[in-house]
Amino acid sequence: MRVALFVTCINDTLQPRTGRAVVTLLERLGVDVDFPAEQSCCGQPQFNTGYRHATEPLVRRFDRAFKDYDYVVTPSGSCAAMVRDNYPRIAARAAAEGRGRELTEAAARAVPKTYELTEFLVDVLKVTDVGAYYPHTITYHPTCHGLRVLGLGDRPRRLLEQVRGLTLKELPGAEECCGFGGTFAVKNPAVSTAMGADKVRAVTGTGAEAVCTVDNSCLLHIGGMLARQGSPVRPVHLAEILASTEADTAAGGAAGRAAGAEGGAR
Amino acid sequence: MSRSFLGMPAFPRAAAVSTRDPRLRANLAHATHTIRDKRARAVAELDDWAQLRAAGAAVKDRTLRHLDHYLEQLEESVAAAGGHVHWAADADEANRIVTRLVRETGEREVVKVKSMATQEIGLNEALAEAGIRAYETDLAELIVQLGDDLPSHILVPAIHRNRGEIRDIFRREMGKWGRPAPEGLSDSPTELAEAARLHLREKFLTAKVGISGANFMVAETGTLVVVESEGNGRMCLTLPETLISVVGIEKTVPTWQDLEVFLQLLPRSSTAERMNPYTTTWTGTTDGDGPRAFHLVLLDNGRTDTLADAVGRQALRCIRCSACLNVCPVYERAGGHAYGSPYPGPIGAILTPQLRGMAGPLEESLPYASSLCGACYEVCPVAIDIPEVLVHLRERVVEGGPVTRRGARVVLKPAKGHAAERAAMRAAAWAFDHPGVLRGGMRLAARTRRLHPRRLPGPGRAWSDTRALPTVPAESFRDWWRRTRGDAGGSERGGVK
Amino acid sequence: MSGRDVVLARVRRALADVPRGEGPHDPPVPRDYRRVHGSRTVEETVELLAENLADYRAVVHRCAPAGLPALIARLLAARGARTVVVPAGLDPRWLSAAEVAARPDRATDTARDLAAVDSVLTGCALAVAETGTLVLDAGPDQGRRRITLVPDHHICVVRVPDQVVGSVPEALPRLAPERPLTWISGPSATSDIELDRVEGVHGPRTLEVVLMAADGEG
């Protein structure tokens, strides 16, 4: 099977550590993963802000970039949701506006092969124990698009429960939005911050060392607020936990570090 | 008397004020969390909820797609049962009709059942101008009316008030409108409800004209349905001699059987009950039982404009249960008043702009009053995809496009104030479609990362005032991949490095 | 143009995208939801009705037909009721043991007259087990809607199992839409103060339901 990593623009530019973790993890599980360089952004920021037409070239690009692959795996619930939920919608509107079926076909190719990382692990590879070691106490925040659009359900939790050394703390009000919401964070900063403050309070209250999600976009917001408050709780992407092993700890690698070299916040 | 929603500021400004009001925040958090869990339990009792929800959506879609047919059938059925049907294209016309009907009775006072439609058209204010006093009889509406306040929730218009504030309003204001609050009234909800009972009793026993809305109108039978809890609805619907019901045209359902879906969906979604305490159904007039004259005012007021939008029309499925408000994290923190209309919360954010033809800064800001978390869609009993409509309306704001206003099709220009964002979004989309350019920018950012500020000036402050900025890593993922795997296009190697 | 013409013309213009051949009954409505939730014996359905009535603070009593007059007499006495309004078609035996002034409902009675009455005694059209709901259809043993609204104490007799249906979908076909219907689920209530439920606002604050078994049962 030909598997491509769709790293997403945020991870590419701001959180490359997460992309590297996915590669490490998949290769450890025997998957030959490729990174087609033609990929860029899924178009979610444009589409969700109202720029549907500006999104269309990115739908075409996604289709082109991944046309030779059986599976597209992405460490982002919201980017996977963008492809699966909104590409068909964008295509249908274009068709209704009399602009043909090109996007419909592109969406039809993209949708069935696009998997969020935990879906790929649990549903395709059928593993929940990925051989990870992460000797830390964490709490898990299910991000909205992963939870409600993709329906990830308990997949992230089942993966986390198999990680050796890890202690999982229940997050009160877990299913409430953290307040990021893309451009919502800057268009309605007061409400976004109020939501974030409540989320951060819940996170801090668990006593966890780190807060984990399947989306770095939400983590930028949650982590940014934690950092601004001087909190020692750090944001960590699920992929980085799953990629960690005892060897990393011994080498002072990912699992042992309190904060990464990049992707931290200031 | 009576404040109005006219001239409300755009959502972000009003919402920012609410987030700094600790009492409002506490009242809303307490009330919405109380009902949230109860609703989930009431819904979980029915293992066919998904099927009921699909049926509810389908019945509403069937009606909306053939609304002309069903409205004419409804009109005929109501008339055959002895009712009088009036049509109002807008709020002014509806207010004129109701005022005339009340005047024809010779009465100067009316009792009202809680009704969103009459809130929307400002009926009480119109009646007051004609010298007619309207008494709200729903407990929460009474609190709003006595407090000279605005409603902030569909089901519980006074949700922003806690028991202590309600006691103070009752003590201070009841005497000005009729029977004063009992001596030594406490803030116990039971005592407050008793005070309302005593205050309104006299009005119910003497009222000659009742005014209501309706939850459903059955086209095939001409039956109207009002779903309520307190009994004030029954009082207003059965004791007066004249009943005037002002109902949005989208409240029509085709058949009597269709009620079997909505009478299961609505109570569990709304008050989280298996069934609400009282439901009244009536068909025209009945000899010797209830009002002798029944008038139905069918209200458009922007509904046909909403209907003209094939994506946005799903908002007209709404049965006003308010489940979306109760789960909305934005509503919980912004409060209902920030939405600038009687329809707050997620449904208001898609309904108000459409009913008002996307005209004005408030209407343009409402589609952005959401983090698109999707909790509203999840609980909506008629499966309105609120996030989908929000994004669709955002497109109308930033790209412009066709909308219908008062029946006329107009093409909107892109809204002002989005020029910089529009340029940035287009530039970003262009750059994302030209990865070579993007890579250059990323490398530039990486090389200058020690110089990046900790807080941003101008619009960027909206982020960096409360959230740390991410640091730009020394090496992007794609550079790492090419450095370690080295199989990307050779031409890229010569780039900015 | 009249308001009617304006609104209907707008509706038709708004629906330009609906295909011409599509009729009002054509858009499909999936009705694969349940007619009734779960399978129950007749006795279990009555039991569920009693449970759900009580859950919403109605006071539930049971009796055989022969015991009804004594039960009603006891309930009225316990309440201290002196006057009881009854619909014209109510079985006079129901009140035969009670020492109260029975007051047949008269069309000339005003709401204020009814407010002076202590209690009201009626039958019902049917009861819905799953929701704990009584439905009154202004039949001869139920009377005008106002008599079960203004007095503060309502005793409603349900003939079980004949008048009991399982669910809302089972109830509607047995009801006549042209009659004025009142669906009652417990005494009046409000959630308007902090979204917390409080019983007893404008309707009867005490609702007593008598489940009367057919002869030879109960």
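Trainee: Which domains does the domain assignment of chain A give?

Mentor: Domain bounds come from an automatic or database domain assignment. Here that gives domain 1 (3-124) and domain 2 (137-250) of chain A. This is a predicted model: local features need pLDDT of at least 70, side-chain atom pairs count only at pLDDT 80 or more, and totals for chains, interfaces and linings use all residues. Residues are numbered from 1 along each chain as its sequence is written, while chains are lettered from A and ligands numbered from 1 in the order in which they are written.

Trainee: How many residues of domain 1 of chain A are in contact with domain 2 of chain A?

Mentor: Two residues are in contact if their C-beta atoms, placed from the backbone, lie within 7 Å. In chain A, 27 residues of domain 1 touch 22 residues of domain 2. The C-alpha centres of these two domains of chain A lie 22 Å apart.

Trainee: How do I read a pair of helices?

Mentor: Two packed helices are described by the angle between their axes and the distance between the axes. Axes are lines fitted to C-alpha atoms, for helices over the stretch in contact, and angles run from 0 to 180 degrees between N-to-C directions. Helices are DSSP runs (H or I, at least four residues), numbered from the N terminus. Take helix H3 (residues 49-65) and helix H12 (residues 259-270) of chain B: their axes come within 9 Å and cross at roughly 120 degrees.

Trainee: What are H3(B) and H12(B) to each other, oblique or parallel?

Mentor: Under 35 degrees is roughly parallel, over 145 roughly antiparallel, 65 to 115 roughly perpendicular, and the rest oblique. H3(B) and H12(B) are therefore oblique.

Trainee: Which residues make the contact?

Mentor: H3(B) gives B:Leu52, B:Arg53, B:Ala55, B:Gly56 and B:Val59. H12(B) gives B:Val261, B:Phe262, B:Gln264 and B:Leu265.

Conventions:
Helix = DSSP H or I, 4+ residues; strand = E, 2+ residues; numbered from the N terminus.
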